[in-house]
Amino acid sequence: PGAGAPAAAAAALPPLTTAEEKELKAFDLDSTYGPCLGLTRLERFLRAEKLQINPPPSVREILHRVHPTSPSAQAILSGKPGVVC
């Protein structure tokens, strides 16, 4: 695999539906699952699962279809100046 392999793998994944994007945003904004600062959505999901907070299984299913470097892998507030999520 060459340098373009990760980009090609990301391009092969189908885009998320509007409903899936909304579900991920709702997960981001739900403080039940803890802060998201410095975590990807999957890391936050796994932490919540480990703490037995019971995050929605559908979120995990969506995240397993998202390439780790995709913007969809990041919380919507992640990286915004002055925002602690």
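**View 1. Contacts of leucine 63.** Leaving aside neighbours within four places in sequence, leucine 63 is in contact with Leu24, Arg41, Leu42, Phe45 and Ser72. The model shown here, as in the other views, is predicted. Leucine 63 belongs to helix H4, which covers residues 57-63. Its relative accessible area is 6%. Buried means under 20%, so leucine 63 is buried.

**View 2. Leucine 63 and leucine 16.** These two leucines are 47 residues apart along the chain. Their C-alpha atoms are separated by 9.8 Å.

**View 3. Glutamine 52 in the loop between H3 and H4.** Glutamine 52 sits in the loop that joins helix H3 (41-50) to H4. Its phi is near 60°. That is a positive value, in a residue other than glycine. The relative accessibility of glutamine 52 is 67%. Exposed means over 50%, so glutamine 52 counts as exposed.

**View 4. Asparagine 54 in the loop between H3 and H4.** Asparagine 54 is placed in the loop between H3 and H4. Its phi is positive, at about 60°, although asparagine 54 is not a glycine. Relative accessibility stands at 62% for asparagine 54. The cut-off for exposed is over 50%, so asparagine 54 counts as exposed.

Notes:
Residues numbered from 1 in each chain as written. Predicted model: local features only at pLDDT ≥ 70, side-chain atom pairs only at ≥ 80, totals over all residues. Heavy atoms only, no water. Helix = DSSP H or I, 4+ residues; strand = E, 2+ residues; numbered from the N terminus. Buried < 20%, exposed > 50% of the residue type's maximum accessible area, 1.4 Å probe, protein only. Contact = heavy atoms within 4.5 Å.
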